[in-house]
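Please keep the sequence and the model in view while reading.

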Amino acid sequence: MLAEMRIQGLGVIEDATLELDPGFTVLTGETGAGKTMVVTGLALLGGGRAESSRVADGARRAVVEGRFAGDERVLAVADEVGADTDEDGSVIAARTVGADGRSRAHLGGRSVPVGVLARLAEAGLAVHGQNDQLRLLRPAEQRALLDRFAGPAVGEPLERYRATRAQWSAVAAELAARRDGARAMAREADLLRHGLTEIEAVAPEPGEDRALQEQARRLAAADDLRTAAATARAVLAGADDGSEPGASGLLGEARHRLGSSGDPELMALEPRLDEAIALLGDVTGELTGYLERLDADPERLAEVLSRQAELKALTRKYAADVDGVLDWAAQARERLGSLDTSDEALAELAARWDALAAELAGHAAQVSKAREEAAERLADGTTAELAGLAMPDARLLVEVAGAGAREGAPEALLVGGRWLAAGPDGADEVELRLVAHAGAAPQPLHKGASGGELSRVMLALEVALAGADPVPTMVFDEVDAGVGGRAAVEIGRRLARLAARHQVVVVTHLPQVAAYADRHLVVHKTVRGGGTTGVTRSSVRTLGEEERIGELARMLAGLDDTDTGRAHAEELLGAARAHREADRARVPGRRAKARS
């Protein structure tokens, strides 16, 4: 539950602390005092949209803090994000909105995304206002309300339905894409097959283009290389006919002359010439071997050039080099596998779609059956509550019908012999219809209910939903608008009954509703300064018994300072207290609450 709330710098509220009762807390005040800012603060605390216009004039920021206690779902969210809890096990959530529009969220002293506060509110807080009455007129909201009432009876088959529907939709999309794009895929497949055939005919090897390039260079230069090697050999070894000596012969003559000189100094040079002669002999032998190995076959050169032309034809079309061509071929084979447009592949997909459609139809039928059963219980429970809200002859009907669809439509599904639209929430349309009085025809809510009647229908639904709703704290913002007299008394009594199982916070103008509260808070406004420059500021305080009587007298007829007004207020408060205690005594297993 929400044990305490503090608001600073929000609208006309300068600084206010609200201590909320575990049961029924009511918030009253004169028009314009700032009651709506309390609800705005609750919405901010629940991750609602932050608007800088809500920040009080002259304030740097608005701050809303709330202390949540005694709720396992709330504590689970806090534990998930590593938020710290107080010694009593409670956790504090905070939301800050700057005058520049920037927003910050904190939970248990830790900075968190605003979405965490939204999850916290989903687990522990539900705010109902007049906008919720308008949303209740929408078919999708009515279906969601019924599912909320049904709980796991609808939730579990609906979860299975959604999982199967996701597969069914994916297969349907793939099947449609294959059928619609069959020609395009066939053209692409033909191009890929042609390319693979062309590449396989040439059969390139990895790196073959680089090897051929080097081989062609040597073959094309064979004559020049032979001339260079032969000339160098002739210089070293001399002419083959012996007509001209080579470098080796000249060095031999020089060695002979030095050896026969008889001079020790000259003779000492002879070994060095021996080394030079041996080295020249080695080089000459290597040149001879090179000339013998040198390939100058013109036919081989033609073969290499022809092979290069074949490879260039591939690299012009598919990639920059042979390795790239081989990569393209591998990707083309993979793509061809996914472009299977054969009749067998389409038949396999169609069979898969049929099987999923049959499974989905079964889940849809289960969801519909569960909704129909829950609809009857919700209608009976709400009708019983309406009888106690000064609508004794009114009846609420909750109608569940299949959402018809044309055969062949994108989401058409055959369920029980009928073509229905298989939407994300099932194949049903849910509509709330009201019989406002005896003899009246059932009408949709937006046609058959006045503003006051719609308020009572919504409250009756909330009371009927109370047993199925896990949210511990419910906030109602003037949902009693357009109601008065006996109906107002009954609204107060129903809210008190709801507070036997939930924490209930109500903003109201009706004294009949306020009298049923366990704790009464009042928003009091003051104007600082005078004339057009005055500043309105509001505070919130808890009323004691005497103050509460005075506030109820003011709400009754503005007679807070007269004996007559106070007597009427005391009578109303006493009757409400008696009703409240009697009603709660009949609620089995109600939780104990501290009362003020």
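## Valine 77 and its surroundings

Leaving aside neighbours within four places in sequence, valine 77 is in contact with Val116, Arg119 and Leu120, where contact means heavy atoms within 4.5 Å. The model is a predicted one, in which local features need pLDDT of at least 70, side-chain atom pairs count only at pLDDT 80 or more, and totals for chains, interfaces and linings use all residues. Residues are numbered from 1 along each chain as its sequence is written, and side-chain values use heavy atoms, with hydrogens and water left out.

Valine 77 is found in helix H2 (residues 72-80); helices (H or I, at least four residues) are DSSP runs, numbered from the N terminus. With a relative accessible area of 8%, valine 77 is buried. Buried means under 20% relative accessible area, exposed means over 50%, and partly exposed lies in between, with a 1.4 Å probe and protein chains only. The C-alpha atom of valine 77 is separated by 48 Å from that of alanine 567, and the two residues are 490 residues apart along the chain.

## The packing of H2 on H3

The axes of H2 and helix H3 (residues 114-124) come within 8 Å and cross at roughly 160 degrees. Axes are lines fitted to C-alpha atoms, for helices over the stretch in contact, and the angles run from 0 to 180 degrees between N-to-C directions. H2 is therefore roughly antiparallel to H3; angles under 35 degrees count as roughly parallel, over 145 as roughly antiparallel, 65 to 115 as roughly perpendicular and the rest as oblique. The crossing of the two helices, H2 and H3, is right-handed, a term for the near helix being turned clockwise from the far one by less than a right angle, while anticlockwise is left-handed.

On the H2 side, Arg73, Val74, Val77 and Glu80 take part, and they meet Val116, Arg119, Leu120, Glu122, Ala123 and Gly124 of H3. The residues of this contact of H2 with H3 divide into 5 nonpolar, 1 polar and 4 charged. In this scheme Ala, Val, Leu, Ile, Met, Phe, Trp, Tyr, Cys and Pro count as nonpolar, Asp, Glu, Lys and Arg as charged, and the others, Gly among them, as polar.

## Two further helix contacts

Helix H5 (residues 139-150) and H15 have axes that come within 9 Å and cross at roughly 90 degrees, which makes H5 roughly perpendicular to H15. Arg143, Leu145, Leu146, Asp147, Phe149 and Ala150 in H5 meet Arg371, Ala374, Ala375, Arg377 and Leu378 in H15. By class, the contact of H5 with H15 has 7 nonpolar, no polar and 4 charged residues.

Helix H18 (residues 485-498) and helix H21 (residues 563-585) pack at an angle of about 40 degrees, with their axes 10 Å apart. H18 and H21 are therefore oblique to each other, and their crossing is right-handed. Arg493, Ala496 and Arg497 of H18 make the contact with His579, Arg580, Asp583 and Arg584 of H21. The contact of H18 with H21 comprises 1 nonpolar, 1 polar and 5 charged residues.

## Aromatic pairs

Rings of Phe, Tyr and Trp (its six-membered ring) pair if their centres lie within 6.5 Å; planes under 30 degrees apart count as stacked, over 60 as edge-to-face and the rest as tilted. By this rule the count comes to 2 aromatic pairs. The rings of tryptophan 168 and tryptophan 353 have centres 5.9 Å apart and planes at 25 degrees, so this pair is stacked. Tryptophan 168 lies in helix H6 (residues 152-180) and tryptophan 353 in helix H15 (residues 343-387), so the pair ties together parts that are 185 residues apart in sequence. Tryptophan 168 is buried, at 2% relative accessible area, and tryptophan 353 is partly exposed, at 24%.

Tyrosine 318 and tryptophan 328 form a tilted pair, 4.5 Å centre to centre with 40 degrees between the planes. Tyrosine 318 lies in the loop between helix H13 (298-317) and helix H14 (322-338) and tryptophan 328 in helix H14, so the pair ties together parts that are 10 residues apart in sequence. Tyrosine 318 counts as buried at 16% relative accessibility, whereas tryptophan 328 is partly exposed at 22%.

## Alanine 203

Most residues other than glycine have a negative phi. Alanine 203 has a positive phi of about 55 degrees although it is not a glycine. Alanine 203 is found in the loop between helix H7 (182-202) and helix H8 (208-220), and counts as partly exposed at 40% relative accessibility.
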